[in-house]
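Subject: Structure handover

Hello,

Here is the structure for you to look over. My notes on it follow below.

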Amino acid sequence: MHRRPSLFKACVLLFAASAAVVGVAQAADGKLDSVLARGKLIVGTGSTNAPWHFQGADGKLQGFDIDIARMVAKGLFNDPSKVEFVVQSSDARIPNLLTDKVDMSCQFITVTASRAQQVAFTLPYYREGVGLLLPANSKYKEIDDMRAAGDSVTVAVLQNVYAEELVHQALPKAKVDQYDSVDLMYQAVNSGRADAAATDQSSVKYLMVQNAGRYRSPAYAWSPQTYACAVKRGDQDWLNFVNTTLHEAMTGVEFPTYAASFKQWFGVDLPTPAIGFPAEFK
């Protein structure tokens, strides 16, 4: 009469113990432990988009995305060089994660809700937007000067179906000239055929760093989008680790490294994070 409850209880306990063992095994086989055991981080990125990821004169990859990946490698191994880069096309950023070809993708990935259904995004490490590149001697100083000039202003932009709409969000009356390549777009500014070029603000800042004194940019940007690295869904320990590394790079012990990279590629001196109550909780 009393054997069935005892047997049932024993089965429940056995099942719970088995589940616990499986859980421990899965935790031990997680991405964080696998990467640590392998001894290097594998990161998917690009090779043709300065200042994010491109080949230097020595043929080695460099750029802000590359620096971000090295910060994660340093967090893992106390050695930023322990990272292997897999050069991939933009449309391979998610598939290479899903097939475990890479541990993370760091390739100026714009965060969207639809992509977040496929991969897990890390903390954002950059907020992109559209900016304006003007010659240093431009008669226009700020965005209000350009708006006041109305259709006297000509803006060069890379050709796409949203080009005019994008420019007119900031300069409703400006003339818009579309070009097939970014080189032609910049040539239009250099030759005086266009008063300004509208492009990613990161590109504007990088060009100003690379060509000191040649260009300037109004203190205005629009059409924001968020850049983050991406990891495969389903491994919270790995996501937590990468997020911790990025968080402390932007706000804590590794801030000098992040700030130096930001200065190198964008020419901006970041303010030191405030000491005291964490700004994230204000």
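Start with N160, which lies in the loop between β8 (154–158) and α6 (163–170). Helices (H or I, at least four residues) and strands (E, at least two) are DSSP runs, numbered from the N terminus. N160 is partly exposed, with a relative accessible area of 36%. Here buried means under 20% relative accessible area, exposed over 50%, and partly exposed in between (1.4 Å probe, protein chains only). Y179 is 19 residues from N160 along the chain, and their C-alpha atoms are separated by 9.0 Å.

Two notes on the basis. This is a predicted model, in which local features need pLDDT of at least 70 and side-chain atom pairs count only at pLDDT 80 or more, while totals for chains, interfaces and linings use all residues. Residues are numbered from 1 along each chain as its sequence is written, and side-chain values use heavy atoms, with hydrogens and water left out.

**Helix α8**

How do α8 and α10 pack? Helix α8 (residues 201–210) meets helix α10 (residues 255–266) at an angle of about 80 degrees, and the axes are 7 Å apart. Axes are lines fitted to C-alpha atoms, for helices over the stretch in contact, and angles run from 0 to 180 degrees between N-to-C directions. That makes α8 roughly perpendicular to α10. The scale is: under 35 degrees roughly parallel, over 145 roughly antiparallel, 65 to 115 roughly perpendicular, the rest oblique.

On the α8 side the contact uses S202, K205, Y206 and V209; on the α10 side, Q264, W265 and F266. Contact means heavy atoms within 4.5 Å. By class, the contact has four nonpolar, two polar and one charged residues. Ala, Val, Leu, Ile, Met, Phe, Trp, Tyr, Cys and Pro count as nonpolar, Asp, Glu, Lys and Arg as charged, and the others, Gly among them, as polar.

The buried residues of α8 are Q201, S202, S203, V204, Y206 and L207. Their cover includes β3 (53–55), β7, α7 (182–191), β10 (196–200), β11 (215–216) and α10. Take Q201: at 18% relative accessibility, it counts as buried. Q201 touches E128, G129, V130, G131, Y220 and A221, not counting residues up to four places away in sequence.

**Nonpolar cores**

The largest nonpolar core has 37 residues, of which L41, F64, I68 and Y125 touch the most other members. Such a core is a set of buried Ala, Val, Leu, Ile, Met, Phe, Trp, Tyr and Cys residues joined through side-chain atoms within 4.5 Å. Elements giving two or more residues to this core are β1 (41–45), α3 (64–77), β5 (83–87), β6 (104–110), β7 (119–135), β12 (222–232), α9 (236–251) and α10. The largest share, nine residues, comes from α3. Beyond four places in sequence, the contacts of L41 include V35, A69, V72, L76, F77, M104 and W238. Another core lies apart, with 19 residues, among them L134, M146, V157 and V167.

**Strand pairing**

Two strands pair if DSSP finds at least two bridges between them. Two bridges join β1 to β6, which run parallel. In that pair, V43 stands opposite M104 in β6. β6 and β12 are antiparallel, with three bridges. There T110 has Y227 of β12 as its bridge partner, and I109 stands opposite A228 in β12. Seven of the seven residues of β6 are buried, so β6 is largely enclosed by the rest of the structure. Eight bridges join β7 to β12, again antiparallel. A120 has V231 in β12 as its bridge partner.

There is also an open sheet of three strands, ordered β2-β3-β4 with antiparallel pairing. Its edge strands are β2 (48–49) and β4 (61–62), each pairing on one side only. Two bridges join β2 to β3. The bridge partner of N49 is H53 in β3.

**Backbone points to check by eye**

- A cis peptide bond joins A50 and P51, with omega about 5 degrees. P51 sits in the loop between β2 and β3.
- N78 has a positive phi of about 55 degrees although it is not a glycine. N78 is in the loop between α3 and β5, and at 64% relative accessibility it counts as exposed.
- S223, also not a glycine, has a positive phi of about 55 degrees. S223 lies in strand β12 and is partly exposed, at 29% relative accessible area.

Best wishes
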